[in-house]
Amino acid sequence: MKKILVVVLALVMVAGMLAGCSGSGDKDAKTVGVLMPTQSLQRWNQDGANMKTQLEAKGFEVDLQYADNKVELQIQQIENMITKGVDVLVIASIDGSALTGVLAEAAAEGIKVIAYDRLIMDTPDVDYYATFDNYQVGVIQGTFIIEALGLDKGATGPFNMEVFGGSPDDNNAYFFNGGAMDTLKPYIDNGTLVINSGQTDMSQIAIQDWAPAGAQNRMDNLLTAFYADKNIDVVLSPNDSLAQGIVASLKAAGYGSADKPYPVLTGQDCDKTNVKMMIAGEQSMSVFKDTRTLAAQVVDMVSAILNETSVPVNDTETYNNNKKVVPSFLCDPVFASIDNYEELLLDSGYYTADDLK
Ligand code: BGC
């Protein structure tokens, strides 16, 4: 009897020690390096903040860095994290093709890499990808244009349209464009939608770094060259930051008046500035990508990697980075406009009413 008691006590002590080792917040907690491209765009601040809160709630330590849209700085940040010995890297890249070298170093150290929102290209050393369905974002934008102009109800226009593209170093930009242009193609082909500049190729329409100023500049040039004697009816903008620049240009050219109404203008992200623009009638729609959902998904992936359980993915076909198809989890993007933003953004607690004043 005594012997049994001793054995039981010993087991209890061992169990206690083991529990002490694996408890969160101790010096053995795993560290996750989170790299975001820039703080200049609202969404990445939210993405970073959500990731940090949710990872810490699971007991992970977090090293969160922003790179001011500078590719070299992001590479340095990744290198520092490898040296410090992080356990997993979560990277929203600036230039998706510039990380091949540094990720080879990460792989050599056995560090797993999750591409966040933007696919990392031209490397075998990216393990997973979590994003929103980027092609579907474009489909939502294209479908909105069709319905806003009544093309599905037989309206024949013709309507004057111009097309903008995202940053050429961001793989997402091609998916947004593909989804929207595939959807609009029948109406471009039959002459209902007329692109007076003739510029549709990404080499002509892409805006480096998604910069509002770049979009404003291109819109200024288009208005001067092709719309001196006619109004523009539609602008396909892939995201909100470009829509900001486009509206600035339209305003300066006198749009927003009775004889020059604002064109139908798309966007993406539901940035606060752009929700206000929708309320003011300057932008027609946006696409809501709830950064809380994406962060939660990535946190699940990180946990699965570190616990060596199977990592949740729902797409193993779409995202080829030129070296391999990267197993992905695609979240659902959601249509947003003046008609549903309250429910979508306020009732869900994403923004407060004050945020949109
Ligand atoms: C993201 C968009 C964002 C854009 C500019 C893209 O990769 O998917 O949500 O608007 O980058 O930051």
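Residues are numbered from 1 along each chain as its sequence is written, and side-chain values use heavy atoms, with hydrogens and water left out. Because the model is predicted, local features need pLDDT of at least 70 and side-chain atom pairs count only at pLDDT 80 or more, while totals for chains, interfaces and linings use all residues.

The ligand sits in the largest cavity. A cavity is a set of points, on a 1 Å grid over the protein atoms alone, where a 1.4 Å probe fits but cannot get out. A molecule sits in a cavity if more than half of its atoms lie within 2 Å of its grid points. There are 13 residues around the ligand (a heavy atom within 4 Å). Of these, Arg43, Asp117, Arg118, Asp170 and Asp269 come nearest. The helices α2 (42-57) and α6 each supply at least two residues of the shell. Helices are DSSP runs of H or I with at least four residues, strands are runs of E with at least two, and both are numbered from the N terminus.

Ligand oxygen atoms lie 2.7 Å from a side-chain N or O atom of Arg43, 2.6 Å from one of Asp117 and 2.9 Å from one of Lys289. Taken alone, the ligand exposes 310 Å², and the protein buries 99% of that. Accessible areas come from the Shrake-Rupley method with a 1.4 Å probe.

Asp170 belongs to the loop between β6 (159-163) and α6 (171-189). Its relative accessible area is 3%, so Asp170 is buried (under 20%; exposed is over 50%, and partly exposed is in between, with a 1.4 Å probe and protein chains only). Asp170 touches Arg118 and Trp210 (heavy atoms within 4.5 Å), not counting residues up to four places away in sequence. The side chains of Asp170 and Trp210 also make a polar contact at 3.1 Å. A polar contact is a pair of N or O atoms within 3.5 Å; within protein, one must be able to donate a hydrogen and the other to accept it, and residues adjacent in sequence count only if both atoms are side-chain atoms.

Most residues other than glycine have a negative phi, and most peptide bonds are trans. Asp269 has a positive phi near 120°. Asp269 lies in the loop between β9 (264-265) and α10 (272-279). At 9% relative accessibility, Asp269 is buried. Asn322 has a positive phi of about 80°, but Asn322 is exposed at 55%. The peptide bond from Gly157 to Pro158 is cis, with omega near -5°.

Note on methods. On a 1 Å grid over the protein atoms alone, a cavity is a set of points where a 1.4 Å probe fits but cannot get out, and a pocket is an open set with protein on both sides within 12 Å along at least five of seven lines; lining residues have an atom within 4 Å of a point.
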